[in-house]
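Here's a quick briefing to read alongside the model. Have the sequence open too, and we'll go from the whole chain down to single residues.

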Amino acid sequence: MIIDVHGHYTTAPKALETWRARQVEALAAKAQAPRAVELRIGDDELRESIESNQLRLMRERGIDVTIFSPRASFMAHHIGDFEVSSTWAAICNELCYRVSRLFPDRFVPAAMLPQSPGVDPASCIPELVRCVEEYGNVAINLNPDPSGGHWNSPPLFDRHWYPIYEKMVEYDIPAMIHVSTSCNASFHTTGAHYLNADTTAFMQCLTSDLFKAFPTLRFVIPHGGGAVPYHWGRFRGLAQELKKPLLADHLLHNVFFDTCVYHQPGIDLLARVIPIDNILFASEMIGAVRGVDPETGHHYDDTKRYIEAAHVDAAERRRIYETNARRVYPRLDRYLKAKRR
């Protein structure tokens with residue numbers, strides 16, 4: 001089985017984007033915001049948006065299951081206040097849940113949180129609970145920078161985040177550390193802000209003792225970990241200077257990396273530097289990079305091709321494709337076992 005741990009609903013029906021535009025416009029005009037019930041998207045629209053896009057590519061590329069969360073750039077936690085984020089998160093999470101109900105063998109939901117700059121993360125708990133207990137979500141996306149590129153929230157090791165961590169530990173779910181749209185002109189959203197955040201999140205974990213406080217807490221750092229594999233020696237050296245344990249003991253029981261790295265040399269480096277048990281297959285397809293690589297003739301985000309060509313043996317490849325994900329996402333594992341998969 002091939003499990004893609006990094007999927008977003010980037011092809012949602014146009015009505016979702018239109019509703020969001022109305023919400024943002026009402027906020028700017030200090031007018032009455034649209035109600036959630038005004039958004040009407042039928043099951044047939046959802047099926048069409050998936051069958052001709054994500055599901056078609058999953059079939060073509062041989063991917064069996066995708067962990068499916070709301071579109072990352074649409075989370076936009078910097079817009080409005082908690083009420084705005086709460087309404088928007090509930091809408092987006094419900095759509096991903098509905099997709100998972102329509103395609104139960106293919107999509108398993110993960111939740112965005114209704115984060116808002118300066119608001120206590122404990123405010124996100126009701127939505128997290130609803131998504132796990134009612135929707136069967138197997139993970140959350142956690143934005144370490146809800147300000148949208150200004151980085152004015154406390155670092156991930158701060159007690160500020162503990163209410164979310166406590167609930168993650170209780171439910172035994174991981175968080176993918178994933179920022180959203182950058183409203184800072186200095187940081188392009190997908191080319192800089194995402195990769196900056198991946199690297200920053202790893203360094204915040206390295207400099208802290210977060211996993212002593214939460215030994216079963218698990219983070220998935222996407223996009224191959226940003227700069228982490230390329231600068232592994234730097235991080236090892238910094239940990240040494242800070243009198244931290246070896247990274248294998250300090251972080252690698254709790255921090256994992258996905259394969260959203262869109263060229264062969266990048267995947268080769270990832271597989272050589274990062275232990276295989278810490279690498280999870282992912283593509284984020286129909287996401288940040290949608291084009292065809294003129295050097296290969298294949299889509300950049302067809303990451304299965306890179307894993308097939310990487311210098312790993314069959315047993316290691318299976319761990320990347322399946323067994324690592326089942327271990328890091330135990331609720332996913334139970335869901336699949338219930339379906340005898």
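The accessible surface of the protein comes to about 14700 Å², and 50% of that belongs to carbon and sulfur atoms (areas by the Shrake-Rupley method with a 1.4 Å probe; for residues, only the protein chains shown count as cover). Keep in mind that this is a predicted model: local features need pLDDT of at least 70, side-chain atom pairs count only at pLDDT 80 or more, and totals for chains, interfaces and linings use all residues. Residues are numbered from 1 along each chain as its sequence is written, and side-chain values use heavy atoms, with hydrogens and water left out.

**Overall build**

- You'll find 15 helices and 9 strands in the protein (DSSP runs numbered from the N terminus: helices are H or I with at least four residues, strands are E with at least two).
- The radius of gyration is 19 Å, close to the 20 Å that the globule rule gives for 341 residues, so the protein is as compact as a globular protein of that length (the radius is taken over C-alpha atoms, and the rule is 2.2 Å times the number of residues to the power 0.38).
- The C-alpha trace spans about 55 × 45 × 40 Å along its principal axes.
- Of the 341 residues, 54% are buried (buried means under 20% relative accessible area, exposed over 50%, partly exposed in between, with a 1.4 Å probe and protein chains only).
- Take the contacts between residues at least 6 apart in sequence: 76% of them join residues at least 24 apart (contact means heavy atoms within 4.5 Å).
- On the charge side, the mean positions of the 38 positive and 41 negative charges sit 3 Å apart (Lys and Arg count as positive, Asp and Glu as negative, with His and the chain ends not counted; each charge is placed at NZ of Lys, CZ of Arg, CG of Asp or CD of Glu).

**The nonpolar cores**

- The largest nonpolar core has 85 residues, and Y165, F202 and F219 touch the most other members (a core is a set of buried Ala, Val, Leu, Ile, Met, Phe, Trp, Tyr and Cys residues joined through side-chain atoms within 4.5 Å).
- Helix α5 (residues 82–102) supplies the largest share of this core, 8 residues.
- There's also a second, separate core of 20 residues, and V220, L280, A282 and Y329 are among its members.
- Not counting residues up to four places away in sequence, F219 touches Y165, M168, A175, I177, C205, L210, F211, N254, V255 and F256.

**Helix α7**

- In helix α7 (residues 162–171), the buried residues are Y162, I164, Y165, K167, M168 and Y171.
- Those buried residues pack against α6 (125–133), β5 (140–142), β6 (175–177), α9 (210–213), β7 (219–221) and α15 (330–338).

- Most residues other than glycine have a negative phi.
- K30 has a phi near 55 degrees, a positive value in a residue other than glycine.
- K30 sits in the loop between α1 (14–29) and α2 (43–51), and its relative accessible area of 79% makes it exposed.
- I286 also has a positive phi, near 55 degrees.
- The loop between β9 (279–280) and α13 (303–309) holds I286, which counts as buried at 10% relative accessibility.

- H77 is in the loop between α4 (72–75) and α5, buried at a relative accessible area of 1%.
- Setting aside residues up to four places away in sequence, H77 touches S85, M112, L113, P114, Q115, S116, P117, N143 and P146.
- H77 and A89 are 12 residues apart in sequence, and their C-alpha atoms are 9.4 Å apart.
- F107 belongs to strand β3 (residues 107–109) and is buried, with a relative accessible area of 1%.
- Beyond its neighbours within four places in sequence, F107 is in contact with I50, Q54, L55, M58, T66, F68, V99 and S100.
- F107 and S69 are 38 residues apart along the chain, with 9.5 Å between their C-alpha atoms.
- M203, in helix α8 (residues 189–206), is partly exposed at 24% relative accessible area.
- Not counting residues up to four places away in sequence, M203 touches F235 and L238.
- M203 and V228 are 25 residues apart in sequence and 8.8 Å apart, C-alpha to C-alpha.
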